[in-house]
Amino acid sequence: MKYIRLGNTGLKVSRICLGTMTYGSPKWREWVLPEEESRPFIKTSLEAGINFFDTADMYSLGESEAVLGRALKEFAKREQVVIATKVFNPMSDDPNDRGLSRKHIFDSIDASLRRLQTDYVDLYQIHRWDNETPICETLEALHDLVKVGKVRYIGASSMYAWQFAKALYLADLHGWTRFVSMQNHYNLVYREEEREMLPLCRAEGIGVIPWSPLARGFLAGNRQKETKGETTRAKTDDFAHQLYYQDSDFHVVDCVVELAKDRGVAPAQIALAWLLHQPGITAPIIGASKMSHLEDALAALEIELSNQECQSLEEFYQPHPVLGHQ
């Protein structure tokens, strides 16, 4: 396994991060794996050297955190893993059980720590921007969590670059803990982050840990425009259907598949290899519901793409509306 610093911090993370939205309760989403089926993926990841695990309180309404917490407690030493979770989305019908208010952040971290069975979270991320809470309230609350030891580092997720720049500026202005990472939407069929967010992150020393690096499976090369795919998730993932499936996206996938055939590897390996070679990318967050998904991600670490190959993969990209901020 290869390891890399998370942004400008001294924290070392594996170049692949295992995302755990797929693990928890099928009652939340029918494609989610129950705990018994989830544990082998976490165990195998640890055995492969992955030390970086990403979850969120909203995944299976807390059950994903619980599954991850129990598995890591059994399979790993706490100090040898990096646990990342998130806060923002509604956890109940209570009007205060959502967003980025000081109250919700303080309540949510305690609930996440209980489910994860740990005294601290390595990386605590705001899942989205909260238009109803002043960002200064959010930043000070996160800073206080760092100071009391419940959180080691803080990160952010999909938002506009101006919002992230404002948050970084205000943290510096007030002497609060700074965001060290950005978990954004970035892959071969969604490259709008190259315009502003990625240059901002490089300039500010922010680690980039993209979500959906395979476009929710779209870049695996097995989707059709009419049927949306064969798996349960592909057919029922309305969110993915809103993000992708324009004609140019299929042209990009065709290029991925063609290069994969030439190289004798899986299309997912090519798509991840391209992402891993982009400047400033720390660790893509991969989801795995089949062991082959994890194996492809690990194999992608060993693939070196030439400039010409990268250009061929990028040739047919067409701009998209801004997607994934909601």
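## Close-up views of a predicted model

**View 1. Tyr245, a buried loop residue.** With a relative accessible area of 5%, Tyr245 is buried. This is a predicted model, and here we look at the loop that joins α8 (238-243) to α9 (247-263), where Tyr245 has its place. Take a look at the backbone too: phi of Tyr245 is near 80°, a positive value in a residue other than glycine.

**View 2. Ser212, another loop residue with positive phi.** Ser212 sits in the loop between β9 (207-208) and α7 (232-236). Its phi is near 55°, which is positive although the residue is not a glycine. Ser212 counts as buried, because its relative accessibility is 10% and the cut-off for buried is under 20%.

**View 3. Helix α10 and its surroundings.** Here is a helix to follow from end to end: 10 of the 10 residues of α10 are buried, so the helix is largely enclosed by the rest of the structure. Among these buried residues are Pro267, Gln269, Ile270, Trp274 and Leu276. Which elements do the buried residues of α10 pack against? They pack against α9, β10, α11 and α12 (307-314).

**View 4. Phe164 in the largest nonpolar core.** The largest nonpolar core holds 91 residues, and of these Phe164 and Phe179 touch the most other members. Helix α10 (residues 267-276) gives this core its largest share, eight residues. Apart from this core lies another one, of 12 residues, including Leu6, Val82, Leu123 and Ile285. Back at Phe164, and setting aside residues up to four places away in sequence, the side to explore includes contacts with Ala156, Met159, Phe179, Met197 and Ile206. Ser181, Met182, Leu200 and Cys201 are also touched by Phe164.

**View 5. A nonpolar patch on the surface.** Tyr160, Trp162 and Val322 come together here as a nonpolar surface patch, with about 340 Å² of accessible area together. Trp162 belongs to helix α5 (residues 161-174). Is Trp162 buried or exposed? Trp162 is exposed, because its relative accessible area is 54% and the cut-off for exposed is over 50%.

**View 6. Helix α2 and its packing partners.** The buried residues of α2 are Ser64, Glu65, Ala66, Val67, Leu68, Gly69, Ala71 and Leu72. Their packing partners are α1 (35-47), β4 (52-54), β5 (82-87) and α3 (102-116).

**View 7. Ser112 and its contacts.** Now for a residue of helix α3, Ser112. Ser112 is buried, with a relative accessible area of 0%. Leaving out residues up to four places away in sequence, Ser112 touches Asp57, Glu65 and Thr85.

**View 8. Gly287, a partly exposed loop residue.** Our last stop is the loop between β10 (285-286) and α11 (291-300), where Gly287 is found. Gly287 is partly exposed, with a relative accessible area of 47%. Which residues does Gly287 contact, leaving aside its neighbours within four places in sequence? They are Gly19, Thr22 and His293. To give a sense of distance, the C-alpha atoms of Gly287 and Leu198 are separated by 22 Å, and the two residues are 89 residues apart along the chain.

Notes:
Residues numbered from 1 in each chain as written. Predicted model: local features only at pLDDT ≥ 70, side-chain atom pairs only at ≥ 80, totals over all residues. Heavy atoms only, no water. Helix = DSSP H or I, 4+ residues; strand = E, 2+ residues; numbered from the N terminus. Buried < 20%, exposed > 50% of the residue type's maximum accessible area, 1.4 Å probe, protein only. Contact = heavy atoms within 4.5 Å. Patch = residues over 30% accessible without salt bridge, like charges linked within 9 Å, V, L, I, M, F, W, Y side chains within 5 Å. Areas by Shrake-Rupley, 256 points an atom, 1.4 Å probe, with all protein chains shown as cover. Salt bridge = Lys/Arg side-chain N within 4 Å of Asp/Glu carboxyl O. Core = buried A, V, L, I, M, F, W, Y, C linked by side-chain atoms within 4.5 Å.
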